[in-house]
Amino acid sequence: MSLSLADKQLAALLWGCALLAAALVLLVLLFLFKESWPVLQHIALIRFFNDTSWHPVDGLYKLTPMLSATFYSTLGAVMLAAPLGIASALFSRYYAPSFLAGCYRRLIELLAGIPSVVYGFWGLTTLAPLIGRLHPPGVSLLTGILVLTLMILPTIALTADAALAAVPAAYLRGAASLGLSRWGLISGVTLPAARPGVTAGIMLAAGRAIGETMAVLMVAGNVVQQPHSLYDSVRTLTANIALEMAYATGDHRAALFVSGLALMCVVLLLVGMAELMSQERRHV
Amino acid sequence: MKLNGPVKPMNETYTLGPLQIGPPCCDPEPLIRVDNLSLYYGVKPALENVSLDIYKGCITALIGPSGCGKTSFLSVLNRMTDMIPDCRVSGKVHFNGRDLRDLALDVQGLRRDIGMIFQKPVPFPLSIRRNIELPLREHGISKQAELNDVIQQVLQDVGLWVEVKDRLESSALALSGGQQQRLCIARALALKPKVLLMDEPCSALDPISSGVVEDLIQRLRGKYTVVIVTHNLAQARRIANYAGFFWIRDQQRAGCLIEFGQCKQIFEAPAHELTAAYVNGSRG
């Protein structure tokens with residue numbers, strides 16, 4: 001098929017945009033790698049896990065407390081937000097009267113638009129004291145998880161809602177004609193049909209939770225320690241970078257880039273997993 | 001009225017199971033009585049003053065041009081009209097001694113008794129087995145042995161067993177259009193309905209598949225009561241015992257029933273001139 005001139009120009013433009021977008025990701029990775037290189041050169045990778053503590057000025061680079069803090073806060077937030085978000089989508093799609101569903105959806109969209117610093121502010125002034133009453137100090141892994149949950153909930157709710165909306169109406173009629181109850185339809189047909197979209201939404205939300213810096217920094221307490229309970233103060237990888245970047249130099253600075261690189265790798269892994277999960281068992 | 005004899009397979013790709021042929025319907029006994037039915041979408045009438053009897057064990061064909069309310073009429077019979085906002089139905093529809101319009105009626109139970117097949121086959125995006133299992137489980141059948149028996153039985157009934165018995169776990173969406181439609185019929189038969197409503201079940205299929213499905217509908221006669229909407233007059237003539245001719249009344253654009261009677265009479269000695277013009281192909 002031969003393309004017209006306008007088509008050729010458009011194709012060239014689109015190729016250019018796509019290449020630029022792809023190149024940016026690679027460049028970011030390259031940059032992180034380059035900036036981490038000084039420390040990676042003379043410090044074995046294993047020391048980021050085996051050192052006794054995180055005292056980069058003294059040459060101690062243990063990252064595991066921060067890694068665990070990031071891991072636990074993301075895991076907790078996703079575990080709370082996923083069922084809530086899916087339930088919210090099911091409510092607005094299948095159970096709410098249409099006018100209420102519309103309002104509700106706008107409200108969730110609004111929730112997605114609240115800046116993270118506002119969530120952090122609310123968490124710090126309202127949530128942290130409440131949790132502090134339960135178990136001091138209040139600024140803790142649990143507070144971080146709850147604030148993150150609120151932040152990623154709209155992402156999951158909206159993507160799940162869109163995935164459910166994309167389920168063909170013919171399935172609904174087909175299911176109704178077989179005498180299926182609404183729940184029978186949802187659990188048997190629409191959720192399996194919408195699963196790739198819902199899973200992708202959850203992965204997207206997890207990516208957001210991992211990368212979230214400001215809100216967690218404000219409510220999690222930022223003590224570098226391996227958390228032993230939900231009430232322990234923790235410092236996530238992102239908070240660590242934000243807190244120390246301003247004054248870090250030399251190997252310390254490079255070590256922070258290493259933690260950035262680590263974050264990037266985790267997110268890449270997550271995206272890969274989302275891709276795999278959405279491909280497996282897809283009945284198309 | 002002719003009895004349907006043994007059906008010859010059209011080619012090697014499908015086989016017909018031993019569907020039990022019930023008593024013929026020479027002795028008409030009304031199963032559904034429709035009395036003065038009107039249907040409105042909002043204030044716009046779609047169907048006005050339809051009265052007819054659906055006879056037990058017979059095939060009743062509804063013919064007429066597009067937009068004259070045939071599909072709306074079908075949807076009243078299994079209360080699919082409930083799913084259309086602003087849809088209002090008046091008149092009486094008696095089935096099993098109850099008025100179908102009764103709000104207290106168990107609609108799920110009704111739809112189990114009165115199944116529906118759509119123009120475009122709607123297999124769920126699940127495995128072939130799961131497609132049939134899902135409604136059965138919903139209606140309280142959960143023993144695997146019993147499920148397997150029913151699945152094999154209905155797939156044999158629709159002549160699909162030999163074609164799919166080795167790939168019950170693969171996706172129903174991978175089947176051809178004709179196979180999908182037969183799967184949908186099998187799925188409806190699994191619920192042991194009394195009535196099957198078919199909305200142009202062959203019109204989305206290629207001629208060969210269409211012939212296979214038509215043969216299958218023929219063999220449902222006696223055991224099931226079939227109401228079929230079709231635009232294929234030759235098909236209606238071949239398979240139906242009774243026929244109803246719908247037309248659009250000019251002044252209000254509302255559908256109405258012009259004539260109802262034995263299929264032979266409608267096609268060979270129509271009482272109304274519109275019917276004569278339509279079945280002879282000079283109008284519509």
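# A guided tour of chains A and B

Begin in chain A by selecting helix α5, whose buried residues are covered by elements including α6 (141–165) and α9 (214–219) of chain A, where helices (H or I, at least four residues) and strands (E, at least two) are DSSP runs numbered from the N terminus. This is a predicted model, in which local features need pLDDT of at least 70 and side-chain atom pairs count only at pLDDT 80 or more, while totals for chains, interfaces and linings use all residues. Residues are numbered from 1 along each chain as its sequence is written, and chains are lettered from A and ligands numbered from 1 in the order in which they are written.

**Along α5(A).** Now colour A:Y119, A:G120, A:G123, A:L127, A:A128 and A:I131, which are the buried residues of α5(A); a residue is buried if 20 or more other C-beta atoms, placed from the backbone, lie within 10 Å of its own, exposed if 12 or fewer, and partly exposed in between. At A:G123 the helix α5(A) bends by about 40 degrees, the bend being the angle between axes fitted to the seven residues ending there and the seven starting there. Moving on to the loop between α5 and α6 of chain A, select A:P137, where the peptide bond from A:P136 to A:P137 is cis, with omega near 10 degrees.

**Where the chains touch.** Next, show both chains together: the contact takes 17 residues from chain A and 24 residues from chain B, with two residues in contact if their C-beta atoms, placed from the backbone, lie within 7 Å. On the side of chain A that touches chain B, α7(A) gives the most, with 6 residues.

**Strand β8 of chain B.** Which residues of β8(B) point one way, and which the other? B:T225, B:V227 and B:V229 point one way, whereas B:V226 and B:I228 point the other way, and all of them are buried. In a regular strand the side chains alternate between the two faces of the sheet. Strand β7 (residues 195–199) of chain B runs parallel to β8(B) and is joined to β8(B) by 5 bridges, two strands being paired if DSSP finds at least two bridges between them. Strand β3 (residues 59–63) of chain B is also parallel to β8(B), with 4 bridges joining them, and here B:A61 stands opposite B:I228.

**Two asparagines.** Finally, select B:N36 in strand β1 (residues 30–41) of chain B, which has a positive phi of about 55 degrees although it is not a glycine. B:N36 is exposed, with 12 other C-beta atoms within 10 Å.
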